[in-house]
Amino acid sequence: MTDVPVDSAASARTSAPEGLTVAEEEELRSELAKVEEEIGTLRQVLAAKERHCGELKRKLGLTPLDGLKQNLSKSWHDVQVSNAYVKTSEKLGEWNDKVTQSDLYLSASSTLEDWNEKLTQSEAYKKTQETLSQAGQKTSAALSNVGSVISRKLGDMRAHPFSHSFSSSYSIRHSISMPAMRNSATFKSFEDRVGTIKSRVVGSRENSTDGLHSPSGTGDKPPQDNAPF
């Protein structure tokens, strides 16, 4: 068996809906062909326009992101001016008015206001507020004192950089080292030895003083010079 070509026009005519004459069918097909041709032409024109638009954007330095932002802004503007958005906004406004004017909302608002007034007038709230205020004042005073002390110390260090630093370091070392040194066994042993030496020296001085005040009286009267003139 061989393939027999089938006329598409004839097959279309056979599948045409009833109620159309041959002339009407031919007219509709001719109009369809023209419309399809116009669509193809418009697609070519649109592609050429898009290429030209891209070249212009490239010359102006516009990026695809800028175009996306512009499209989003335009879309949002279209949404805002649309009937659905306007109707929804109006409906939400009506609901808001109804809720704020309802008895339940007014009662809840007045109750919250009463609670707020009672809370602010309570003794606990006042004490807490006073405590926080005093703490803030004390903190501010402490910070100001610390700042003044630091400023004064810096001024002293600038005026006497070496002597002040030496005296400060010496006082710090002295205050840190002396208590530990006094409590050590070596310091106590040295202190005992110094006490023994001191007692011996005091005893020797007392003996020498007794010798000078002897009964012979030689210590009371100055020696006479019997040398001849």
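A residue counts as buried under 20% relative accessible area, as exposed over 50%, and as partly exposed in between. In this predicted model, Tyr85 has a relative accessible area of 31% and is therefore partly exposed. Trp76, which sits in helix H3, is likewise assigned by its value: at 47% relative accessibility, Trp76 is partly exposed.

Both residues belong to a nonpolar surface patch. Trp76, Val79, Tyr85 and Val86 together make this patch, which covers about 340 Å². Two helices contribute to the patch, with at least two residues each coming from helix H3 (64-80) and helix H4 (83-100).

A pair of aromatic rings is described by the distance of the centres and the angle of the planes. One aromatic pair is found in the structure. The ring centres of Trp76 and Tyr85 lie 5.9 Å apart and the ring planes meet at 75°, so this pair is edge-to-face.

How far can the model be read, then? The average pLDDT of the chain is 76, and 69% of the residues score at least 70. Helix H2 (residues 22-60) has the highest confidence, at 93, whereas helix H1 (residues 8-15) has the lowest, at a mean of 50. Over residues 8-13 the pLDDT falls below 50, and this stretch has five contacts in the model beyond near neighbours in sequence. Residues 214-220 also have a pLDDT below 50, with one contact beyond near neighbours in sequence. Where pLDDT is low, the predicted coordinates should not be read in detail.

How values were computed:
Residues are numbered from 1 along each chain as its sequence is written. This is a predicted model: local features need pLDDT of at least 70, side-chain atom pairs count only at pLDDT 80 or more; totals for chains, interfaces and linings use all residues. Side-chain values use heavy atoms; hydrogens and water are left out. Patches are made of residues with over 30% relative accessible area and no salt bridge: like charges are joined within 9 Å, nonpolar side chains (Val, Leu, Ile, Met, Phe, Trp, Tyr) within 5 Å. Accessible areas come from the Shrake-Rupley method with a 1.4 Å probe; for residues, only the protein chains shown count as cover. A salt bridge is a side-chain nitrogen of Lys or Arg within 4 Å of a carboxyl oxygen of Asp or Glu. Helices (H or I, at least four residues) and strands (E, at least two) are DSSP runs, numbered from the N terminus. Rings of Phe, Tyr and Trp (its six-membered ring) pair if their centres lie within 6.5 Å; planes under 30 degrees apart count as stacked, over 60 as edge-to-face and the rest as tilted. Buried means under 20% relative accessible area, exposed over 50%, partly exposed in between (1.4 Å probe, protein chains only). pLDDT is the predictor's confidence in each residue, from 0 to 100. Contact means heavy atoms within 4.5 Å.
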